[in-house]
Amino acid sequence: MVIHPVLLIAIPLITAFIIPIFKKYGAAIAGGAIAFNMGYAIGIFFHVYSNGKIYETIAGFNPPIGIFLAIDSLSALLALIINLFAFINFVAIGKEANYKFSMLYLLAIAGSTGIVITGDIFNMFVFFEITAVASYALIAGKKDKKALEGAIKYMVLGSIASSFILIGIALIYSQLKTLNIYDIAARIASMDAKIKWASFAMLLTGIGVEAEIFPLNGWVPSAYQGASEGVASLLSFAPSKAAIYAIARLMLVIFPFHATYEIALWVGVITLLIGELAAFMQEDVKRMLAYSSIGQMGMILIAFSLASQDLKYALIASLFLIVSHAASKSSLFLLSKSEKMHGMASKYAGIVSVLSLIGMPPLAGFWGKWYLMLAAMDEKLWLVIILIFFAGIVETAYFARYLHRSIGNDGELSLRYKATMAAMASFAILFGLLPLVYKIASLPLWGG
Amino acid sequence: MDMIGIAIKITILIAYAIIGTCTGLLFMGIGRKIVARVHNRVGPPFYQNFIDVAKLLSKKTNISHGWIFDLALLFSISGILLTLLFLPIGGVQLLSTDGDAFLVLYLLAIPSLGFALGAGASGNPNAGVGVMRALVMMLSYELPFVITLIALMIYYDTTSLATIVRMQSINGIKSWAITMPPFMIAAFAADMALQGMLMEQPFDIPVAPHEIASGPMVEFGGKYLGSLMLYKAIALVAETTLFVDLFLGGGVVAHGNFAFVINFIVWLALIFLLFALSILIAASFPRFRIEQAFGFYWKYEAIIAAISLIWVYIMVIK
Amino acid sequence: MLDIIFAELVVAAIITFFVREKLAAIIAFFISLLPLLALLDWASNYGFAIINLGIENHMKIYLAGVTLHLAITPLSWFFALMILPLFPVIMLYSYSFFKENDGFFALMLLSLFATFGILLSRDMLSLFLFWEMMSWSSFLLVYRSKDKNAIMSYLIFSVFAAFAILFGIIILWHENSSLLLSDILNISGKLGFVAIASIITGFAVKAVIMPLHAWAPFVYSKCDEPFVAFLSGGLSKLGYYGIFLFLFSLKGVDILQNYMTNVSWNYLLAVFGALSAFFATLIAILQDDLRKLLAYSSIGQLGYIAIGFGIGTPLAITGALFQAFNHAFFKAILFLAAGIVAYRTGKWKISELGGLAYKMPFTFMATLFAIFALAAIPITSGFASKWLLYEAAIQQKYVFIAPIMLIAGVGAFLYSFRILYGVFLGENRHDSVEEAPKSMIAALFILVLPLIIFVVFPGYMLDLMKPALQAAGIESIAHTKFAIETSLAKYNSIAVLITLMVAMIPAFVIYKARKHRVTSFEDNYLAGEPYELHKPAMHAANNYYKPLKKVLLPYLEPGATYYFEKIYNGIKCVSNAVRRIYTGYVQDYAIYVVLFLLFVMGWLIWI
Amino acid sequence: MGLHNGDKMMRYEEWSKLARKASKRSLWMVHFCTGCGAIEMPPVMTSRYDMERFGIAPMATPRQADVLLITGYLTVKTLRRVIQVYEQMQSPKYVIAFGSCTINGGMYWDSYNTIKHLEKYIPVDLYIAGCMPRPEGIINAFLELMKLIDEGKARGWERYQKYYDKYKENQRRVFNFEVKEEEKEEKEQKREKNEEH
């Protein structure tokens with residue numbers, strides 16, 4: 001098999017620009033493209049799984065000058081998750097997807113995948129812009145007041161974020177004259193300390209807005225609440241995961257310092273607590289899930305920050321958490337379309353998702369929490385452990401309430417919709433039972 | 001044990017069962033006489049209760065309410081006989097080496113539970129209320145009683161009644177538990193509990209003939225009531241004997257070949273004294289209400305018992 | 001063999017999900033017999049010898065990149081003997097209990113799978129993993145009740161328990177650098193103390209020890225009875241299995257004691273057990289809902305096991321295990337019988353029931369036996385266990401615990417009679433009620449068997465638990481087939497039983513000497529009033545222990561639930577405060593972004 | 001409800017003498033105290049006259065009692081209760097009617113709703129005449145009853161069993177005012193025959 005990771009970005013991008021020409025078949029073409037992308041992502045994942053890292057330079061220019069794609073286990077897994085769930089989600093959205101929607105959807109996917117597989121920090125910024133702009137439009141696409149509110153909030157914060165990212169990149173470039181992450185990482189020590197920290201702060205703030213870190217996540221509840229179910233689901237697994245991946249790269253590769261680890265750790269803990277506590281009293285299901293997402297992102301951030309200190313368990317934990325969160329939260333967002341769990345499949349999806357999120361074995365979420373605990377224990381972070389437990393209990397409480405509230409059989413969901421939800425939730429089981437994530441996390445990362 | 005030994009033992013057991021029954025009936029008759037004298041009446045003859053039982057057992061019609069009702073009869077007599085035989089009587093260890101005080105406490109529950117079942121099976125609301133009162137009374141008086149029991153147990157470091165009696169009989173009366181100050185207090189509490197156990201006034205709340213038509217027994221007549229009377233007679237002996245075994249050395253004063261005759265007489269005298277005391281209290285007090293009785297036992301009696309327990313505990317620890 | 005059983009359990013669970021309810025019950029019944037075969041196999045291979053299989057003989061499961069070690073040990077064998085027989089019985093019972101297959105059998109099989117896993121696990125990860133599986137499979141069974149309190153309290157307490165256990169396990173793992181249970185715990189000081197205490201707390205939730213019991217009344221009173229029978233009979237024992245495992249098998253007692261030598265931590269457990277025995281009994285007396293009554297009675301009876309473990313002498317532990325065994329059976333009978341009553345009458349309130357004994361004589365008889373065992377009447381094995389515990393308390397001179405235990409034992413009479421009188425005796429209120437289906441009756445009487453066997457031969461029970469005790473380094477107490485002997489006294493069961501039978505003879509003679517006539521219930525003395533006029537007021541079961549209630553209620557309120565609700569409301573307040581951060585104005589959020597940037601910069605540059 | 005009319009009724013004579021002696025000396029009484037004669041009961045029970053010395057004791061329920069003591073007049077309403085109580089007593093059982101009201105209605109002889117002849121409805125073993133009788137009279141009646149029992153003559157309960165239908169008819173007549181005239185006459189005749197018998 002010829003491996004060209006660039007196709008993962010190129011195909012959806014190109015298709016997105018073709019779609020306006022074939023308006024009528026837009027959705028079908030987009031579906032095809034996403035299906036191809038999914039297949040390709042799976043292929044790449046197993047290639048990485050068995051053969052290790054992939055590097056690709058574009059147009060023959062070698063780094064540090066040329067554009068550079070680098071896929072290691074982390075990126076491969078994230079690319080897989082983004083494309084896999086993108087496809088399933090697209091199937092669920094079905095007829096609601098007109099050609100505009102499909103175009104934007106493809107752009108968002110292309111952007112997120114791009115963030116994950118690029119090895120160039122400026123490219124990353126560009127893909128962030130693509131993803132963000134597509135997301136604003138997707139959220140606003142529902143065309144009601146709340147959707148508009150969410151989109152505007154997201155847009156305002158997103159623009160601020162972009163400018164910060166850009167400034168951060170500029171600061172680095174001004175010192176090191178390079179944009180290649182690997183290159184930056186190798187020479188970061190030669191940077192002026194203040195500028196180094198300033199650039200880190202800028203990048204963290206900028207990416208943090210996308211990664212739903214407290215207090216940068218003001219847009220999150222409104223945007224998730226305003227967006228349609230499909231878009232909310234997309235937001236929960238594509239841009240946010242890509243962004244947290246970017247932070248992970250910052251933490252693991254560019255700025256692997258104790259100070260950054262500490263700051264990310266505590267920001268993660270606070271995000272977790274605030275997210276879970278805010279979700280505790282939410283009556284609106286989507287808002288509750290949005291706050292819950294914030295909490296989960298906090299937990300993933302904790303895991304990644306620990307990973308910068310101790311690769312052994314924390315990375316496995318973060319990957320399991322990402323998988324679990326992507327699978328569970330996106331299926332729960334899809335489920336939020338109907339107030340009650342209607343039919344066997346949606347009951348299955350809802351219960352499995354909730355169980356995975358609160359960390360019940362043998363689902364993926366359990367392994368996430370287990371390894372996170374082991375990692376935290378290795379670092380002897382007692383307070384963090386106890387706070388995570390506390391957050392876990394709060395989370396359990398509102399999810400229990402949620403489960404009780406959605407008992408009932410009324411509601412109208414199509415069979416396809418339910419099947420897709422169930423399929424999404426099944427990945428929480430699948431990744432929990434198979435040793436895929438465990439194995440892939442033990443492969444060496446690039447630049448790490 | 002050889003066959004002859006078993007036969008002798010069985011004979012002794014049967015003899016004691018009969019003695020227990022007769023003593024109980026006799027005491028009940030004497031008790032009625034005592035009450036009558038307190039009331040300035042003549043009172044029935046001392047053998048009145050034998051006549052009553054004979055009459056009840058010879059009744060022509062006996063009305064039952066089904067097989068659960070019959071359990072009352074079966075369990076009451078067998079259960080109380082069983083209890084009696086597990087007690088040391090006048091220093092004679094019948095079966096008391098095969099069990100201990102806890103066993104006796106729970107064996108005492110068999111006849112009560114049997115009677116409660118029968119009473120419940122009759123479906124009479126008065127019976128239901130009566131059993132409720134009996135059970136609440138049981139919960140009330142057991143607290144001071146078990147506390148004193150535990151005080152004795154930790155002092156003698158045994159739960160076996162046989163051992164308790166043996167250790168109290170080493171020096172005759174001088175080694176009786178009641179001669180020690182903490183156990184004097186305990187004996188007072190236990191005697192009050194005994195009053196409740198015997199269901200004498202002021203604790204005859206469960207039967208309360210004027211309120212709830214004699215409570216659990218409301219539907220009992222003929223042989224059923226007769227068996228109840230027998231049960232009460234034996235229970236009287238068993239419960240006073242339990243007290244005597246715990247505090248008064250089981251009535252053992254003499255050792256030697258024919259000591260058991262003396263011990264038997266002392267035991268008889270002691271249980272009679274206890275019963276007479278209880279009857280005198282009963283004859284001079286009106287009935288408590290159930291809450292009052294509960295409060296009496298769980299507040300004052302329990303505190304008195306607890307004082308003795310703590311005292312004993314301190315003694316033992318030293 | 002074990003791996004086949006595990007596989008079959010999962011497959012059967014999936015199959016039973018899709019077939020009709022009768023077929024599902026049959027499949028589930030036969031499949032749930034399989035783990036018992038494994039026990040028999042073990043017993044026939046090793047008898048009662050103490051065999052701890054080496055790591056090379058463990059069965060290994062590879063899951064998500066880790067290896068789980070499973071093997072039967074003497075301890076797990078004994079607990080399995082106590083818990084696993086409940087499953088086929090429950091399946092048999094459920095054959096006619098359920099009108100449609102809505103996943104009960106599948107989930108029960110999953111619970112069995114997890115239970116078996118817990119008992120067999122030889123490393124802490126698999127213990128925790130199966131424990132959590134059991135938590136969620138039982139949670140899904142709770143979820144079927146659709147009751148808010150039950151669902152929320154069960155899930156929250158389960159997760160709390162899981163976190164407490166996890167916390168302890170990771171400390172042990174970190175300090176010991178091994179998850180295997182066969183590695184002796186080489187940990188002491190504060191960390192060891194925290195680890196063991198936290199694990200015990202976690203298991204205590206499922207073992208329903210008093211301050212952590214708040215979930216039990218809700219869950220026990222709202223779920224399907226066959227499941228509750230397992231929950232109370234089986235699941236709670238798993239909690240005690242965990243406590244036993246970590247306290248005695250892994251010598252957690254020493255770790256606790258080494259840290260603070262002046263405090264007896266054991267005693268603390270015993271005190272908690274005694275308090276739950278005492279208060280739960282008093283609360284149970286005042287209940288009117290049959291299931292709530294049984295729930296509190298469960299808490300009370302389980303408290304005795306905690307007392308036994310707390311006292312910690314061989315005598316006490318033997319008594320506690322015996323009590324656990326008895327409780328598994330008699331409480332299962334009681335819950336199943338309560339299920340039968342509801343199945344036939346559709347009522348739960350004791351004050352609305354009455355007079356069922358003559359309608360359902362077999363159910364009544366089984367219940368009567370269970371109640372004899374519960375009230376420790378010496379004609380069932382329930383007495384021997386309580387007796388051992390009392391002896392142990394006296395032997396150790398526990399002057400606080402012993403009276404409480406005894407008075408709780410007396411309290412058990414009160415609520416037992418409430419069940420007997422309110423439900424089965426008294427006024428006949430259900431004319432058209434029939435005896436329960438045969439499968440249900442069979443289930444009840446299977447459970448009665450051990451209660452009878454072990455009253456005749458209490459020594460056999462001690463023989464059964466001997467390997468488990470010796471494997472934990474606990475001496476077995478002196479006994480023969482019929483008699484148990486302690487340093488304080490002797491209990492000879494056969495003497496009691498034979499004397500009772502002989503003493504039955506005079507009673508029987510009196511009974512047979514004169515004929516009696518059975519009259520109908522209506523022929524009752526009501527001060528001459530005809531029954532018809534008094535029909536509504538006949539049953540005295542309404543507000544039965546009213547005088548006691550008047551006295552006790554002020555002391556029993558507020559209960560633990562009140563404080564847990566306070567905590568819940570406290571978190572609600574915090575949550576409301578936290579929500580205010582999200583003002584809804586994008587300007588504020590922009591300011592947050594800038595502030596965050598400044599904060600991070602400030603942190604990194606100046607600190 | 002009620003008693004069997006079995007043919008295999010055990011004769012009173014067949015009872016052992018001991019049993020009769022026992023019943024004689026242990027008469028447990030349930031007293032039906034709706035009439036004014038009830039005021040005479042406390043002195044009989046307490047220290048002045050002390051009936052317990054003869055083994056007579058008041059009982060709370062008819063199940064436990066041997067003697068039904070009816071103290072004074074009965075109305076139609078209370079008669080129903082008396083019959084209920086009487087039928088719940090376990091034989092051998094005796095009825096002592098107390099005061100003139102039970103014999104002939106006494107001072108209520110012309111009242112529309114009192115019972116004039118108690119004998120019509122339940123078998124009375126012994127009457128105590130007087131309005132009202134003194135406590136000595138009651139004691140005397142009991143002693144008389146003892147004598148009758150000893151001689152085997154107190155057989156009211158057997159009479160009640162034997163003529164159960166007749167008693168029932170009489171009772172029904174009082175309770176049911178709508179009995180047809182013809183039936184009334186028929187039953188009247190039958191009853192007269194029975195009384196002769």
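Me: Which residue takes a positive phi in the hairpin of β1(C) and β2(C)?

Reply: A64(C) does, with phi near 45°, in a hairpin that has 2 residues between the strands. The model is predicted: local features need pLDDT of at least 70, side-chain atom pairs count only at pLDDT 80 or more, and totals for chains, interfaces and linings use all residues. Residues are numbered from 1 along each chain as its sequence is written, while chains are lettered from A and ligands numbered from 1 in the order in which they are written.

Me: How many bridges do those two strands, β1 and β2 of chain C, pair over?

Reply: Residues 59-63 and residues 66-70 pair in the antiparallel sense over 5 bridges. Strands here are DSSP runs of E with at least two residues, helices are runs of H or I with at least four, and both are numbered from the N terminus. Two strands pair if DSSP finds at least two bridges between them. Y62(C) has T67(C) in β2(C) as its bridge partner.

Me: What about V208(C), buried or exposed?

Reply: V208(C) is buried because 32 other C-beta atoms lie within 10 Å. The cut-offs are 20 or more other C-beta atoms within 10 Å for buried, 12 or fewer for exposed and partly exposed in between, with C-beta atoms placed from the backbone. Its phi is near 40°, positive in a residue other than glycine, and V208(C) sits in the loop between α8 (189-206) and α9 (215-222) of chain C.

Me: And N40(B), what is its phi?

Reply: Near 65°, again in a residue other than glycine. N40(B) lies in the loop between α1 (3-38) and α2 (48-57) of chain B. N40(B) counts as exposed because it has 11 C-beta neighbours inside 10 Å.

Me: Where are the cis peptide bonds in chain A?

Reply: One runs from F214(A) to P215(A), with omega near 0°; P215(A) is in the loop between α8 (193-210) and α9 (219-226) of chain A. Another runs from P361(A) to P362(A), with omega near -5°, and P362(A) is in the loop between α15 (343-357) and α16 (364-378) of chain A.

Me: Interfaces next. How many residues of chain C are in contact with chain B?

Reply: 64 residues of chain C are in contact with 67 residues of chain B. Contact means that the C-beta atoms, placed from the backbone, lie within 7 Å. Elements of chain C that each supply at least two residues to that side include α17 (401-424) and α20 (493-513). By class, the side of chain C has 46 nonpolar, 10 polar and 8 charged residues. Nonpolar covers Ala, Val, Leu, Ile, Met, Phe, Trp, Tyr, Cys and Pro; charged covers Asp, Glu, Lys and Arg; the others, Gly among them, are polar.

Me: What is the strand order in the chain D sheet?

Reply: β2-β1-β3-β4-β5, an open sheet of 5 strands with parallel pairing. The edge strands are β2 (57-58) and β5 (126-128), each pairing on one side only.

Me: Which helix packs on that sheet?

Reply: Helix α5 (residues 135-151) of chain D, which touches β4 and β5; its direction makes about 165° with that of β5(D). Axes are lines fitted to C-alpha atoms, for helices over the stretch in contact, and angles run from 0 to 180 degrees between N-to-C directions.

Notes: Two residues are in contact if their C-beta atoms, placed from the backbone, lie within 7 Å.
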